[in-house]
Amino acid sequence: MPLRSPMHWTTALLAILVGGTLSAQTTNLLPNAGFEEVANGRPAKWAPINFRTGGVARLETGKAHGGERYVALQSRDNTERIAWRAAGPLPAGTPFVAAGGWYRTAGLVKGRGRGASFRVHFYGTRDGKMRELGLRQGFFPPSAAWSKTS
């Protein structure tokens, strides 16, 4: 989830849920979606990615939206892009995916800068090669309190 802002040392705090609907059931498709499982000081089955631009990804405790842990992203300026990434399979026959979660920001001024963004990439095989088949992205305004993405 890249964060872009004109402010110095901006922080986004995230709690994520991606669900796929099979029949009338909702199933969370992300591994360790609540960040409660930890391995080597970071959420198990998640990886930080800084796109070689800088930024800091952290696992935090306390003041989470739910549970004990949440992930944080911090960048000094709008040139640093940082994200947490997890991957999971989309079960065959899934008619659609609903994506959303909770976020809050600190050090952002409402206006020019985007508060936080949430991306879902879809990959699959096309012409015998693994390719990106789709991307859905949402941008959300700065919010000092936990806010739900929609």
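Hi everyone, let's start with a pair of serines: the side chains of S147 and S143 are joined by a polar contact of 2.5 Å. By polar contact I mean a pair of N or O atoms within 3.5 Å, where, within protein, one must be able to donate a hydrogen and the other to accept it, and residues adjacent in sequence count only if both atoms are side-chain atoms.

A quick word on the source: this is a predicted model, where local features need pLDDT of at least 70 and side-chain atom pairs count only at pLDDT 80 or more, while totals for chains, interfaces and linings use all residues. Residues are numbered from 1 along each chain as its sequence is written, and side-chain values use heavy atoms, with hydrogens and water left out.

Back to S147, which sits in strand β12, residues 147-148. Strands here are DSSP runs of E, at least two residues, numbered from the N terminus. Leaving aside residues up to four places away in sequence, S147 touches G101, W102 and Y103, where contact means heavy atoms within 4.5 Å.

Now G101, in strand β9, residues 96-106. Is G101 buried or exposed? It is buried, with a relative accessible area of 6%; buried means under 20%, exposed over 50%, partly exposed in between, using a 1.4 Å probe and protein chains only. G101 and T149 are 48 residues apart in sequence, yet their C-alpha atoms are 5.5 Å apart in space.

Last stop, strand β7, residues 69-75: six of its seven residues are buried. Strand β7 pairs with β6, residues 56-61, in the antiparallel sense over six bridges; pairing needs at least two DSSP bridges between the strands. In β7, R69 is the bridge partner of T61.

Terms used. Helix = DSSP H or I, 4+ residues; strand = E, 2+ residues; numbered from the N terminus.
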